[in-house]
Amino acid sequence: MRTDTFVKGKEYEAHDLLRLRALPPMSDVPAWLTCVFADAPYTVVRRAEAPPGFVAAGFRGPSRAQRYGTFVALDSIVSACSPEHLRDRPLSPERRALGAFQALAALTRHGWLDALTWGPTGSVGFELATGHPVVSDASDLDLLIRMPTPLPRVTARTLRAHLFTVEAALGVRIDTQLETPAGGVALSEWADHKPRVMVRSRGGPSLVADPWSISQAHNGAQP
């Protein structure tokens, strides 16, 4: 289990992976969670308001239906890792052969995202961070692109076209989210030139015209 390259002492953001000392106290722990945590004592930061001294986090089980959200005490966190620090983690040849990992390698090889800060989330990010095999033949590749400044729509469409090329070649769905000052925005929505897009923030989902607008970022749509 990997612990060597994790960094502690940062402000935790959505999709960061946290290694914990123990499961937080919970009155309704599902049976699968105890087993999963024993194999990989990690959780992922989710978008929700947390009480002082805590961070909102979620646990994942073997199936898509097995998800559990809770709050984790900051002093129970051993270490943390962001998606952008996971791209170059080594894999065994048999794991590299899976479609989602091939898609990640293709994006790195083509260099379309080189000018951006980005990394894998979802099952790919979890496996790269923890070393615990959770990616399957049917897994998508989930990506996070940090976008603190506005992304022109034409650039978004070009980027989406590049991703479609990899999807078509490998038969792997790539779900890409832009991390903006207002919160998470799907690249596909922003590229579609919609007048308003769905932003997912700690305060919940909302429709905004400009996720880089200071007024909108500070009116209930914060990451």
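Biologist: How do you know that strand 2 pairs with strand 3, and in which sense do they run?

Modeller: This is a predicted model. In it, two bridges join strand 2 to strand 3, residues 54-60. Pairing needs at least two bridges, so the two strands count as paired. They run antiparallel.

Biologist: Which residue of strand 3 is the bridge partner of Val44?

Modeller: Gly58 is the partner of Val44 in strand 3. Val45 stands opposite Ala57 in strand 3.

Biologist: What makes strand 1 and strand 2 a pair?

Modeller: Three bridges link strand 1, residues 17-20, with strand 2, residues 42-45. The cut-off is at least two, so they pair. The sense is antiparallel. Leu17 stands opposite Val44 of strand 2.

Biologist: What is the strand order of the open sheet?

Modeller: The order is 4-3-2-1-5, five strands with antiparallel pairing.

Biologist: Which strands does helix 1 lie across?

Modeller: Helix 1, residues 31-39, lies across strand 1, strand 2, strand 3 and strand 4. Its angle to strand 3 is about 95 degrees.

Biologist: Why are helix 3 and helix 5 called oblique to each other?

Modeller: The axes of helix 3 (residues 99-110) and helix 5 (residues 153-170) cross at roughly 140 degrees. Roughly antiparallel needs over 145, and roughly perpendicular stops at 115. The pair is therefore oblique. The axes come within 10 Å, and helix 3 passes helix 5 in a right-handed crossing.

Biologist: Which residues make the contact?

Modeller: Helix 3 gives Gly99, Gln102, Ala103, Ala106, Leu107 and His110. Helix 5 gives Leu163, Val166 and Leu170. Six of the contact residues are nonpolar, three are polar and none is charged.

Biologist: How do you know that the radius of gyration of the protein chain agrees with a compact globule?

Modeller: A compact globule of 223 residues would have a radius of gyration near 17 Å. The protein chain has 17 Å, so the values agree. Its C-alpha atoms fill a box of roughly 45 × 45 × 30 Å along the principal axes.

Biologist: How many helices and strands are in the protein chain?

Modeller: There are seven helices and eleven strands.

Terms used: Residues numbered from 1 in each chain as written. Predicted model: local features only at pLDDT ≥ 70, side-chain atom pairs only at ≥ 80, totals over all residues. Heavy atoms only, no water. Helix = DSSP H or I, 4+ residues; strand = E, 2+ residues; numbered from the N terminus. Contact = heavy atoms within 4.5 Å. Axes fitted to C-alpha atoms, helices over the stretch in contact; angles between N-to-C directions. Parallel < 35°, antiparallel > 145°, perpendicular 65-115°, else oblique. Left-handed = near helix turned anticlockwise from the far one by under 90°. Nonpolar A, V, L, I, M, F, W, Y, C, P; charged D, E, K, R; others polar. Rg over C-alpha atoms; globule rule 2.2 N^0.38 Å.
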